Amino acid sequence: LLEPTSKSGGAGTGFDVQKSGDARVALIGFPSVGKSTLLSKCTHTQSESAAYEFTTLTAIPGVLEYQGARIQLLDLPESLRVVATAKTADLILIMLDATKSEEQRRLLEIELDAVGIRLNKKRPDVVFKRKTTGGINKTVPLTKTDEKTIRTILASYKLHNCDVMIREDITTDEFIDVLIGTRKYIPCLCKRHPVSCWRTPLMFLGRCL
């Protein structure tokens with residue numbers, strides 16, 4: 001899902017951009033929703049914007065200094081196949097077209113979920129360890145799944161002997177996320193274009209770090 005930086009390209013080009021600063025904000029959205037405009041307005045980076053779609057062809061980084069912190073803004077290309085780049089972000093800012101329906105937001109959230117990004121969620125409070133013997137221990141009643149389902153999932157991942165400690169009422173999907181271990185839990189804000197106040201997401205990021 002990540003394409004390497006071209007050897008012939010200049011610094012900061014390509015989909016995989018080196019993380020810098022105190023935090024990274026990934027700008028996600030469909031074409032022509034104002035991501036490039038926001039980047040140019042908040043930083044000294046010139047990200048090309050125009051009245052037609054697919055203006056941005058590479059991941060464009062810019063750095064904003066805010067209350068002593070250096071925050072990297074990353075303008076991702078208008079291509080959902082590189083949305084996995086957002087896994088490296090400390091905050092995801094979804095930008096929406098105010099003239100279109102909420103369907104655009106739903107589609108973006110589905111795409112982010114498909115690459116293992118869980119928006120505005122915490123990692124489930126579940127711990128498991130491989131052992132020669134073991135069992136399932138839970139400190140709360142399970143109302144969204146059951147022990148039989150959990151044992152079936154463990155067997156499907158060839159985890160026949162392990163200790164599992166469940167400290168919250170989780171769903172089946174949340175348990176699978178813990179087993180896979182590669183999910184990213186990232187705070188997210190949604191902003192409709194035009195962007196009238198860019199300080200709000202940055203203040204939110206400061207509280208999240």
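A nonpolar core is a set of buried Ala, Val, Leu, Ile, Met, Phe, Trp, Tyr and Cys residues joined through side-chain atoms within 4.5 Å. Buried means under 20% relative accessible area, exposed over 50%, and partly exposed in between (1.4 Å probe, protein chains only).

**Ground rules**

I am reading a predicted model, where local features need pLDDT of at least 70, side-chain atom pairs count only at pLDDT 80 or more, and totals for chains, interfaces and linings use all residues. I number residues from 1 along each chain as its sequence is written, and side-chain values use heavy atoms, with hydrogens and water left out.

**Overview**

I looked up the secondary structure of the protein chain and found five helices and 10 strands. Helices (H or I, at least four residues) and strands (E, at least two) are DSSP runs, numbered from the N terminus. I noted that 39% of the 209 residues of the protein chain count as buried. For contacts (heavy atoms within 4.5 Å), I took pairs at least 6 apart in sequence, and 70% of these join residues at least 24 apart.

**The largest core**

Which residues touch the most other members of the largest nonpolar core? I found Ile28, Ala86, Ile92, Ile94, Leu112, Ile117 and Leu119, out of 19 residues in this core. Strand 1 (23–28), strand 4 (91–97), helix 2 (103–114) and strand 5 each supply at least two residues of the core. The largest share, three residues, comes from strand 4. I remembered that nonpolar side chains tend to be buried together in soluble globular proteins. I then followed Leu119: beyond four places in sequence, Leu119 touches Ile92, Ile94, Glu109, Leu112, Ile186 and Cys188.

**Arg118**

Next I turned to Arg118, in strand 5 (residues 117–119). Is Arg118 buried or exposed? Arg118 counts as buried because its relative accessible area is 7%. Its side chain reaches the backbone oxygen of Asp113 at 2.9 Å. I also found a polar contact of 2.9 Å between the side chains of Arg118 and Asp177. A polar contact is a pair of N or O atoms within 3.5 Å; within protein, one must be able to donate a hydrogen and the other to accept it, and residues adjacent in sequence count only if both atoms are side-chain atoms.

**Two loop residues**

Most residues other than glycine have a negative phi. Where does Gln67 lie? I found Gln67 in the loop between strand 2 (60–66) and strand 3 (69–75). Gln67 has a positive phi of about 50° although it is not a glycine. Gln67 counts as exposed because its relative accessibility is 74%. My other entry is Lys158, in the loop between helix 3 and strand 8. Its phi is also positive, near 60°. Lys158 is exposed, with a relative accessible area of 67%.
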